[in-house]
Amino acid sequence: MRINKLLTVSIAAAGLAGYGGVASADAAAGKKTFNDVCAECHETADFEGEAAADLTATIKKIVAGQMKHKKALKLTDQQAADVAAFMAGGGK
């Protein structure tokens, strides 16, 4: 019984660790991607104070073609999270 509990906890911890790689956004990397892909039409100050998670979800919808956008975006989940972190901070 104790082994089953230990195994369950270990699997859950490994799953969370794997999820954390995408969840930990890098605003510095997001700045570069934003400047390369988004800055032509958007200003970071327009997004300051918005939740990074909400911005990430919106960017992912655009990438998936589920939300209308001026041009198609090709970003990884990590890039989307990085850009969202940068945008949520108002470019700071």
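Predicted model: local features only at pLDDT ≥ 70, side-chain atom pairs only at ≥ 80, totals over all residues.
**Overall architecture**

The protein chain contains four helices and zero strands, and its elements follow the order α-α-α-α from the N terminus. Of its 92 residues, 23% are buried. The accessible surface amounts to about 6400 Å², and carbon and sulfur atoms account for 59% of that area. Among contacts between residues at least 6 apart in sequence, 79% join residues at least 24 apart.

**Helix α3**

Helix α3 covers residues 52-63. Its 12 residues, at 1.5 Å a residue, should span 16 Å, and this agrees with the 16 Å that separates its end C-alpha atoms. Four residues of α3 are buried, namely L55, T56, I59 and I62. Helix α4 is included in what covers the buried residues of α3. On the face turned away from the buried side, α3 carries A53 and D54, which are exposed. After α3 comes G65, which has a positive phi near 80°.

Helix α2 comprises residues 27-38 and includes T33. Residue T33 counts as buried because its relative accessibility is 13%, which lies under the 20% cut-off for that class. Apart from neighbours within four places in sequence, T33 is in contact with C38, L75 and V83.

F34 also belongs to helix α2. One aromatic pair is found in a search of the whole structure. That pair is formed by F34 and F86 and is tilted, with 5.6 Å from centre to centre and 55° between the planes. It links distant parts of the chain, since F34 lies in helix α2 and F86 in helix α4 (residues 77-88), 52 residues apart. Both F34 and F86 are buried.

| Helix | Residues | A residue in the helix |
|---|---|---|
| α2 | 27-38 | T33 |
| α3 | 52-63 | L55 |
| α4 | 77-88 | F86 |

**Summary**

Technical notes: Residues numbered from 1 in each chain as written. Heavy atoms only, no water. Helix = DSSP H or I, 4+ residues; strand = E, 2+ residues; numbered from the N terminus. Buried < 20%, exposed > 50% of the residue type's maximum accessible area, 1.4 Å probe, protein only. Contact = heavy atoms within 4.5 Å. Phe/Tyr/Trp six-rings, centres within 6.5 Å; stacked < 30°, edge-to-face > 60°. Areas by Shrake-Rupley, 256 points an atom, 1.4 Å probe, with all protein chains shown as cover. Expected span 1.5 Å × (residues − 1).
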